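This briefing goes through one protein chain, topic by topic. Please look at the sequence and the structure first.

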Amino acid sequence: MNTLLVFALGSLFSVIPASLEAPADADAVLGTWLTHEQNAHVQISRCEEERFCGEIVWLRDGPPAGLGFRILEGFAYEGDNEWKDGTLTNPRDGNSRDTELLLEGDDVLKIRVSAGLLRRTLEWTRVPDDQL
């Protein structure tokens, strides 16, 4: 009986670290990113328990009204440094497009925007903490 209990507890605890890894991997996208045009910083954070969103927190040029605009919405972590099922909204015209995020290394975020059969990939770079 004691052997069975030890085996069951051992099995339970061996599963816990694997289940805790997913949120850590999912959170790798958190932070502030310089957009491909190098004119804005987007802060990516959790907007729901399992979803990620991004808001404009700095603009090089442009109206202050753009600050706080939610440019990324509803991304879910799919594993392998990919976030899917989200949208990117163009702050200039308000159009939203299906988008996927792919983290390459620690500091490069590929933004794959789809519009029908067309697909465009943008590259954002992480803003170091000392430059915020």
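Is Arg-92 buried or exposed? Arg-92 is exposed, because its relative accessible area is 65%, where buried means under 20%, exposed over 50% and partly exposed in between, with a 1.4 Å probe and protein chains only. The model is predicted, so local features need pLDDT of at least 70 and side-chain atom pairs count only at pLDDT 80 or more, while totals for chains, interfaces and linings use all residues. Residues are numbered from 1 along each chain as its sequence is written, and side-chain values use heavy atoms, with hydrogens and water left out.

**Salt bridges**

- There are 10 salt bridges, each being a side-chain nitrogen of Lys or Arg within 4 Å of a carboxyl oxygen of Asp or Glu.
- Arg-92 forms one of them with Glu-37, and their closest N and O atoms are 3.1 Å apart.
- This pair links distant parts of the chain, 55 residues apart: Glu-37 is in the loop between strand E1 (31–34) and E2, and Arg-92 is in the loop between E5 and E6. Strands (E, at least two residues) are DSSP runs, numbered from the N terminus.
- Glu-37 counts as partly exposed because its relative accessibility is 42%.
- Glu-55 pairs with Arg-70, with 3.8 Å between the closest N and O atoms. Glu-55 lies in strand E3 and Arg-70 in strand E4, 15 residues apart.
- Both partners are partly exposed, Glu-55 at 32% relative accessibility and Arg-70 at 34%.
- Glu-123 forms a salt bridge with Lys-110, the closest N and O atoms being 2.8 Å apart. Here strand E8 holds Glu-123 and strand E7 holds Lys-110.
- A network of salt bridges links Glu-82, Lys-84, Glu-100, Arg-112 and Arg-119.

**Nonpolar core**

- The largest nonpolar core has 19 residues; such a core is a set of buried Ala, Val, Leu, Ile, Met, Phe, Trp, Tyr and Cys residues joined through side-chain atoms within 4.5 Å.
- Among the residues with the most contacts inside this core are Ile-44, Trp-83 and Ile-111.
- Strands E2 (40–48) and E3 (51–59) are among those that each supply at least two residues of the core.

**Aromatic pair**

- The count comes to one aromatic pair, where ring centres of Phe, Tyr and Trp (its six-membered ring) must lie within 6.5 Å.
- Tyr-77 and Trp-83 form this pair, at 4.9 Å centre to centre with 50° between the planes.
- The pair is tilted, as planes under 30 degrees apart count as stacked, over 60 as edge-to-face and the rest as tilted.
- Tyr-77 is partly exposed at 21% relative accessibility, whereas Trp-83 is buried at 0%.

Definitions and conventions: Helix = DSSP H or I, 4+ residues; strand = E, 2+ residues; numbered from the N terminus.
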